[in-house]
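Good morning, everyone. Please look at the sequence and the model on the screen. I will start with the surface.

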Amino acid sequence: MSTEPVQPWWKYGHVWLVISGPLVVVVAAVVTAWIAFSQQDPVLAQDYYRQGVNINKTLAAQGSLAPAMQGRNHAATPAGAVPQK
């Protein structure tokens with residue numbers, strides 16, 4: 001039988017290991033909530049879709065997306081749908 005004096009719970013390392021996991025989660029949740037409530041969400045323009053279409057038309061006119069569009073269309077076309085030359 002050992003006669004070592006009993007130490008308080010905070011002197012044991014494994015107790016802090018068990019407590020640290022949930023404590024980190026609580027701190028992360030508080031920080032996330034603070035970020036969410038302290039900053040405003042951006043507001044979209046009422047005609048965001050029309051603006052996007054205009055941007056796509058501008059890029060298509062410049063020809064900068066031509067190789068990407070051709071590759072996308074080629075990958076999306078079934079093999080049997082390709083016309084013979």
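Nine side chains are listed here: Trp9, Trp10, Trp16, Ile19, Leu23, Val27, Val31, Trp34 and Ile35 make a nonpolar surface patch of about 960 Å². A patch takes residues with over 30% relative accessible area and no salt bridge; like charges are joined within 9 Å, and nonpolar side chains (Val, Leu, Ile, Met, Phe, Trp, Tyr) within 5 Å. A salt bridge is a side-chain nitrogen of Lys or Arg within 4 Å of a carboxyl oxygen of Asp or Glu. Areas come from the Shrake-Rupley method with a 1.4 Å probe, and for residues only the protein chains shown count as cover.

Now the ground rules. This is a predicted model: local features need pLDDT of at least 70, side-chain atom pairs count only at pLDDT 80 or more, and totals for chains, interfaces and linings use all residues. Residues are numbered from 1 along each chain as its sequence is written, and side-chain values use heavy atoms, without hydrogens and water.

How many helices does the protein chain have? It has three, and zero strands. Both are DSSP runs, numbered from the N terminus: helices are H or I with at least four residues, strands E with at least two.

Isoleucine 19 sits in helix α1, residues 13–38. Its relative accessible area is 33%, so isoleucine 19 is partly exposed. Buried means under 20%, exposed over 50%, and partly exposed in between, with a 1.4 Å probe and protein chains only. Helix α1 bends by about 30° at serine 20, and proline 22 follows within four residues. The bend is the angle between axes fitted to the seven residues ending there and the seven starting there.

Next, the rings. There are two aromatic pairs. Tryptophan 9 and tryptophan 10 are edge-to-face, at 5.9 Å centre to centre and 85° between the planes. Tryptophan 9 and tryptophan 16 have centres 5.8 Å apart and planes at 35°, so that pair is tilted. Rings of Phe, Tyr and Trp (its six-membered ring) pair if their centres lie within 6.5 Å; under 30 degrees is stacked, over 60 edge-to-face, the rest tilted. Together, ring pairs link Trp9, Trp10 and Trp16 into a cluster.

Zero of the 15 residues of α2 are buried, so α2 lies largely in the open. For the 85 residues of the protein chain, the buried share is 0%.
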